[in-house]
Structure formats: C-alpha cells, structure tokens
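Please open the structure in a viewer and keep the selection tool at hand.

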Amino acid sequence: MLDRDETPAPTVISAPAVVGRPLPLRVAVPLAVAAGLALLVAFPPYGVWPLAPVGVALLAAAAHRRRLRAGAGLGFLTGLAFFAPLLAWTNLHTGYLPWVLLTLLQAGYLALLGTATAWVSPLVDRARWAWPALTGLLWVGQEALRDRTPFGGFPWGRLAFSQDDSPLLRLAALGGAPLVTFVVALIGGLLVTAVWRGWATAQHHAPEPTTASDAAPGADSPLDGPARTGGAAGGRWAPVAVPAVVAVALTAGALLVPVASAGSGADVTVAIVQGNVPRLGLDFNAQRQAVLNNHVDATIELAERVAAGQQRRPDLVVWPENSSDIDPLRNPTAGARISQAADTIGAPILVGAVLLGPDAGQVRNAGILWHPGTGADLEQLYTKRHPVPFAEYVPLRDVARMVSKKVDLIRNDFVPGSTPGVVRAGPTVLGDVICFEVAYDEVVRDTVTGGAQLLVVQTNNATFDVAEARQQMAMVRLRAVEHGRPALMASTVGVSGFVAPDGRVSDATGFNTREVVVRQLRLDDGRTLATRLGWWPEVALAALAAAALVGAAVLRRRQRVRPG
C-alpha cells in the first residue's frame with residue numbers, strides 16, 4: 001500500500017495503487033499445487049495439452065500481488081507438484097537421491113518464476129491488458145535460464161513440449177519452442193485475466209452488504225475493486241468474455257500456420273531396428289555383446305524378409321544409442337558382427353556406440369556410419385555434444401562424492417564432441433542427435449543449417465520407462481515441425497517411430513519389445529522461418545521479460561515515494 005501523509009491534505013500519487021488484495025493464502029496454496037498437477041497432466045503420457053495454459057493461469061493467480069517470498073514459495077510448490085512426478089523415471093534404477101535433487105533444482109526455477117510474477121504485479125494492476133503478455137514473457141525467460149544453467153541446463157518440462165497434439169505445435173515452424181511456450185503461457189495469462197475480472201465483477205454485483213465494513217470496496221475482497229462497467233450486463237462481462245475469446249481464437253488460429261506435410265526432395269527408405277535389451281535398468285548391457293547381438297540378429301531377419309520380397313530394401317538402417325555395448329573400433333569381434341549385418345542387408349547402418357578415448361579414462365557417446373563391404377566410416381562419426389551431467393560425466397566429482405558415493409559408478413567421463421551431427425549417408429544427409437540432445441534448440445538446429453535433410457534421434461531408454469520415452473517423442477515431433485524435416489527416433493527398447501514434417505507419428509513401436517519398422521520418407525532441403533531466425537525469438541522474448549522486471553522496479557519505486 002502507498003504511504004499517506006499524516007496531514008489531512010488531499011492524496012496525490014505518482015502511480016496507481018494496487019487495488020484490492022492477493023488471494024487468501026488458504027486459496028493460493030491449493031491453487032499453486034493444482035497448477036503443478038495441471039502442468040503434469042498436460043505432458044505425455046497423459047497428454048491433456050489444454051491443461052498447460054490452465055496450470056500457467058493458476059500459478060499466475062496464486063502469486064499475483066504477493067510478497068516476493070510468498071511468490072517464491074508458491075512457485076516452488078508448483079515446481080514440486082509438477083517436476084516430482086514428471087521426472088519420476090530418474091529414480092527407477094539409481095535410487096531416490098538423484099530424483100530428489102533434480103526435482104528440487106528444477107522447482108527452484110519455478111520459485112524464481114513465482115517471485116517474478118509477484119514482482120510485476122504493479123504493472124499488471126496498472127495495465128490489466130498487459131497481464132497475458134507479461135505471463136508469456138516470464139515463462140520464456142524462466143525456461144531460457146533453466147535450459148542453460150547449471151552445467152548446460154536441463155530443458156525437460158518446457159511448456160512447448162506439452163503441445164505435441166495441440167494446434168499450437170504448428171507455431172514451432174515460426175519461432176521454435178520459445179514461441180510455442182510464449183503462446184501457451186500467453187493463453188494462460190488470458191485465462192487468469194478473464195477469471196480474475198469475472199470473479200471481481202460477480203462480487204461487485206452481488207447483493208449489497210448490510211454493514212459498512214462489508215461494503216468497503218477492495219478491503220475484504222481478495223480481488224479487484226468495482227469494475228468500471230456502467231451497469232450494463234454486456235459491459236460487466238466484457239472483461240471476462242474478451243480474453244476468453246482471444247484465448248480460443250489463438251489456439252484455433254494456429255491451425256492456419258502452414259507446415260510441410262511431406263518433403264520436396266528425393267525419396268529414401270529407412271529402417272529402424274529396435275533390438276531390445278536382456279534386462280531393463282543400469283545393467284542393460286551386463287551380458288557382454290548381448291545388446292549388439294540383438295540388433296545384428298534383428299537386422300539379419302530384416303534382410304531375410306527383403307530377400308523373400310516381403311519388404312522393401314532400405315537405403316539406410318538406423319540403430320539406437322548404445323546399440324553396440326562394446327567399442328567396435330577396438331574390438332574385432334564386435335566390428336565383425338556389425339559388418340555382417342551391413343553386408344547382409346546391403347545398406348549402411350548408423351550405429352550407436354560407446355567408443356573408448358580419446359584419452360585414458362574417457363569415453364565418447366557416438367553415432368558412426370557403417371558401410372557394407374568397407375565397414376566403419378570414421379569421417380561420418382558424430383560424438384554427442386551435450387553429455388548429461390551426473391549421468392555421463394561428473395562435474396565437481398570430489399564435491400559430488402560427499403553427497404553420494406554412487407557418483408563413482410560413472411568411472412569414465414564422457415567427453416563432448418565439437419561439431420554438429422551432420423552425417424552424410426550416400427545421397428541422404430542426416431542430422432544426428434543423441435538422446436537428451438533433442439531437448440536443446442541449438443543442437444538440433446545446427447544439424448539443419450549444416451545441411452541435414454532427415455533428423456535422427458538415437459536414444460537408449462533402457463534405464464527409464466515408457467513415460468520418459470513418450471516425452472522424448474513429443475520433443476521429436478516439435479523438432480520435425482520446427483525445421484520442416486522428416487524425423488525418426490530409434491530406441492533400444494522403445495518408443496521408436498517416424499515423424500512427418502507436420503508432426504504426425506507413424507509406425508510407433510511398443511516398449512520393451514524387439515521390433516523393426518521400415519518406411520519410405522521424402523527428404524527436404526528447405527528452411528522454415530524458425531530455422532532461419534534461430535535463437536533470436538528467444539533472445540527478443542527474454543529481453544522483453546528483463547525489461548518488464550526493470551519496469552516493475554521503476555513503478556514500485558514511484559509507489560514508495562510519499563506524495564507531495
């Protein structure tokens with residue numbers, strides 16, 4: 001509240017005072033928890049995508065007009081309710097500690113979002129029409145920070161990744177994941193604007209209270225004071241109807257955004273081999289060469305169907321991440337088995353392998369092209385650029401060991417590659433990304449600007465579950481639309497499948513099964529607006545978010561100045 005002069009002189013203020021109060025804490029706390037649960041259900045495997053903007057709206061309402069500490073606490077509650085179940089697959093085989101620590105870290109970013117939401121409340125109260133845009137900007141800013149910090153960030157749970165079945169997915173072709181996140185949060189801001197004003201309008205036009213204290217506008221109401229409606233029923237509800245209509249129009253209007261339904265280049269037949277593993281969990285490769293043998297045998301069986309005329313011969317075969325559980329460049333037996341598969345099928349194989357080196361105590365997570373007749377093509381080898389901290393390498397190992405001795409289960413640190421995953425397989429140029437890299441905007445885009453015509457995601461879900469695999473497939477769908485490219489995901493255990501440039505999934509496999517799927521794809525060399533713009537939409541939106549925080553600081557300072 002503004003300070004008042006002790007004298008009875010008329011009050012003059014330099015900025016509008018905040019009208020009314022925040023929601024009562026007994027209401028705000030359940031809303032914050034409900035926000036996290038709504039966000040959770042929007043993501044696969046549930047996939048109720050309309051709940052993503054609802055979750056955004058609930059958190060915005062809970063944190064509006066609160067003190068900064070309260071905003072942080074409410075955001076943290078939302079983060080716990082959202083990330084704890086979303087990331088539950090991280091504790092399947094490693095114990096609870098990594099899951100708890102990762103959940104707390106990610107919830108901390110939503111605590112920052114709750115703080116920022118409380119901080120910009122004066123801007124919202126000064127210009128209510130700005131609430132939706134401010135909500136969208138703050139979400140993009142939060143995700144930009146979370147996607148990069150610490151140790152390269154962890155983009156899991158971005159709003160954009162919840163929209164794989166939504167019309168809003170098409171917006172990825174214009175501005176990538178940041179634009180999709182912005183519009184989802186913008187719609188959430190429209191919803192909270194409509195509901196807030198609707199509640200305020202309903203309270204204002206309720207039967208007249210009988211006591212003076214009950215009648216004080218804005219004193220006992222947790223919402224706004226009287227809406228300036230002029231008494232007409234249509235005018236009263238216009239602040240409710242307009243934001244709601246705009247939210248629906250934005251969602252439906254996204255269907256008008258053009259996306260490619262098929263490529264414009266040459267046709268290529270691609271096979272995905274999902275060989276499965278002897279057992280799920282951290283010891284999926286405990287039986288020496290068993291995973292490799294599974295993929296070799298499945299490829300040879302495919303070759304038999306081709307020879308029998310039951311299947312088209314593929315131009316390319318894709319094996320998943322870790323499909324060779326032994327370094328085939330150093331182990332002659334493993335190399336010979338891959339050569340046997342390539343020679344039998346008569347097509348190059350993109351093999352996912354763990355390679356030793358380059359130095360002692362180091363390994364590389366790589367995709368390497370293996371040709372029939374000639375074997376490994378060392379010039380067409382992609383090394384994963386973004387190894388996962390505390391899973392593929394341990395930063396600050398001595399400090400981490402004080403928290404958990406299990407960090408020493410990772411005996412050899414994976415070293416990152418330095419070049420994009422552009423792999424030339426004959427007439428086809430692949431954009432290879434490995435596992436979690438599909439969540440990082442620049443890793444995928446660099447392959448497309450490097451000439452990739454087909455996006456390939458090699459992954460190993462043997463240490464996770466089907467929920468994680470489906471969340472990853474949702475990211476592949478967004479990338480296909482974002483860059484106008486056909487895409488595929490090849491997993492050791494599932495889910496594998498093909499994705500068209502418009503985001504449609506074909507030939508999706510089951511989980512923990514051995515399957516081979518073959519499909520003819522049409523390649524593409526064009527570039528979407530999102531590909532051409534790159535990271536600039538995110539930079540612009542994040543810069544506007546920072547400007548909003550500065551603007552709120554200026555307005556708060558003005559409101560603290562004594563009038564006169």
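The tour visits the cavities and then the salt bridges.

This is a predicted model, in which local features need pLDDT of at least 70 and side-chain atom pairs count only at pLDDT 80 or more, while totals for chains, interfaces and linings use all residues. Residues are numbered from 1 along each chain as its sequence is written, and side-chain values use heavy atoms, with hydrogens and water left out.

**Cavities**

Rolling a probe the size of a water molecule over the atoms shows where empty space is left. Here a cavity is a set of points, on a 1 Å grid over the protein atoms alone, where a 1.4 Å probe fits but cannot get out; lining residues have an atom within 4 Å of a point. Grid points are joined across faces, edges and corners, and a volume is the space filled by probe spheres set on the points. The whole structure holds three cavities of 30 Å³ or more.

Select Ala60, Thr117, Trp131, Thr135 and Leu138, which of the 13 lining residues lie nearest the centre of the largest cavity. Its volume is about 80 Å³. Next, colour α2 (51–63), α4 (96–119) and α6 (131–146), the elements that each give two or more residues to this lining. Helices are DSSP runs (H or I, at least four residues), numbered from the N terminus. The largest share, five residues, comes from α6. The lining has 10 nonpolar residues, three polar and no charged, where Ala, Val, Leu, Ile, Met, Phe, Trp, Tyr, Cys and Pro count as nonpolar, Asp, Glu, Lys and Arg as charged, and the others, Gly among them, as polar.

**Salt bridges**

A salt bridge is a side-chain nitrogen of Lys or Arg within 4 Å of a carboxyl oxygen of Asp or Glu. The whole structure contains 18 of these.

Select Arg148 and Glu538, whose side chains form a salt bridge at 2.6 Å, N to O. Arg148 lies in the loop between α6 and α7 (172–204) and Glu538 in helix α16 (residues 536–560), so the pair ties together parts that are 390 residues apart in sequence. Glu538 is buried, at 6% relative accessible area, whereas Arg148 is partly exposed, at 39%. Buried means under 20%, exposed over 50% and partly exposed in between (1.4 Å probe, protein chains only).

Move to Arg477 and Asp165, a salt bridge of 3.0 Å, N to O. Arg477 belongs to helix α14 (residues 466–483) and Asp165 to the loop between α6 and α7, so this pair links parts 312 residues apart in sequence.

Finally, select Glu143, Asp147, Arg158, Asp441, Arg479 and Glu482, which salt bridges with shared partners join into one network.

Key:
1 Å grid on protein atoms, 1.4 Å probe; cavity = no way out; pocket = protein on both sides within 12 Å on 5 of 7 lines; lining within 4 Å.
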